[in-house]
Amino acid sequence: MNAYTELRKKIRDKKAVITVVGLGYVGLPMALEFSKKGFMVHGLDKSEKRVKKLKKGVSYIKDVSDEEILRVVGKGNFRVTTDDRVMSGSDVIMICVPTPLSEAKKPDVSFILAAGRTLRRRLRKGQLIVLESTTYPGTTREVMLPILEKTGLSPGKDFFLAFSPERIDPGNPKYTFTNIPKLVGGFTKRGTELARLLYSRVVGKVVGLSSPEAAEVAKLLENTFRIVNIGLINEFATLCNKLGIDVWEVIDAARTKPFGFMPFYPGPGVGGHCIPADPMYLSWKARKVGFETKMIDLAAKVNRNAPAHIVERIEALLRERNKKIKGARILIIGVAYKRDVNDLRESPALDILQLLKKKKVTWTYHDPYIPFLDTHGMKAKPSRLTRSFLKKQDMVIIITDHSCIDYRKIASNARLVFDTRNAMGTRGIKGDNIVKL
């Protein structure tokens, strides 16, 4: 029996042993789902802290409960470790490591390189390698493949390589790993088929593509679509403010059209790993082949300027009320990058706080998902939303519209509310003290 046939049979019969490298917001939920479906899964992470928590049944990701971890760990087919030797005994290796941008806004594939070099020491005949980390087109073929080929094993014959972009949406209870269609693009047809078979054991719909590059670019297109449209609506919101028009009313009106329009909403900026970073991978790769992504670059610039625009609006609103921004008492509602998550990555709130700090503002924050702020040279504990505290603030700014916050209490007690997310409007809360973006 050749390597392909044997591995295919193992995957089909759920006898394949899986190692998931990187137990973050992508890797952990995926590892748990494969384990629930009957596969033996090893979770491999460099963080001793993460591994210790998981062994105790403690989650560090909001979308995964302690009870879920305890149930899966208790069954014995999900084990976590920092020991990369588990790769040797695995049939499938799924790589879910970070791919941040460097200071110069260039792709940082150092985590992929490190994972590849570790895997090279453990690679054996008959394994399927799937890269899930979002990256620029060509990474699977140009970065991962050469590392693995140094073992002397032949791709497509001895081992199989594919790319499958993660599509996890943190904080979204409707769409999870199992009901979001999965894209797979193998280095060879057999690699695609094995990856498609693997994911189909857990995910409802799996789409095979012609190459890893097609799968890599598909993910980048998804988030490029978003950054361009968010940039457009942020610019449109600024225009509407200049014209004295409610942009939120305009968007609601436009969305009544049953075709040709998809609503996007303005805000204080974009955050998280995907939207700020993914289009920049594509822009960087485009420059490498002599192409300029004008629309992507412009949208990124508009969105990067959004926090500065927010601070300009804050200063103008205070000035209208004969209050200087220097020394003003300002409460920030929500510092996580999006609603109902505990993730600070690239959060526009951090940029806004930095700008307010430069203007000598006395700021505090409230965020039920961030118990302590310690980043970008800022350290703070969250404030409680008491009536007396709200009344003392010169302004309350809603940056992240967490569902569990008492917005009516804020509206009833704050002198001035600057709502950058239309949190008040969507709840039917009105007041002369509320200003929308």
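First, the basis. The model is predicted, with local features needing pLDDT of at least 70 and side-chain atom pairs counting only at pLDDT 80 or more, while totals for chains, interfaces and linings use all residues. Residues are numbered from 1 along each chain as its sequence is written, and side-chain values use heavy atoms, with hydrogens and water left out.

Now the overall picture. The protein has 16 helices and 15 strands; these are DSSP runs, H or I of at least four residues for helices and E of at least two for strands, numbered from the N terminus. The C-alpha trace spans about 80 × 50 × 40 Å along its principal axes. For 437 residues, a compact globule would have a radius of gyration near 22 Å, and the 24 Å of this protein agrees. That radius is taken over C-alpha atoms, and the globule rule is 2.2 Å times the number of residues to the power 0.38.

Buried residues make up 53% of the 437. Buried means under 20% relative accessible area, exposed over 50%, and partly exposed in between, with a 1.4 Å probe and protein chains only.

On to the salt bridges. The whole structure holds 26 of them, each defined as a side-chain nitrogen of Lys or Arg within 4 Å of a carboxyl oxygen of Asp or Glu.

Take E193 and R196. Their closest N and O atoms are 2.4 Å apart, and both residues lie in helix α7 (residues 189–200), three residues apart, about one turn of the helix. E193 is partly exposed at 29% relative accessibility, and R196 is partly exposed at 32%.

K219 and D278 also form a salt bridge, at 3.9 Å between the closest N and O atoms. K219 is in helix α8 (residues 212–243) and D278 in helix α10 (residues 274–288), so the pair ties together parts that are 59 residues apart in sequence. K219 is buried at 3%, and D278 is buried at 0%.

D158 is found in the loop between α6 (139–149) and β6 (159–163). Not counting residues up to four places away in sequence, D158 touches A3, R124, K125, G126, Q127 and L153, where contact means heavy atoms within 4.5 Å.
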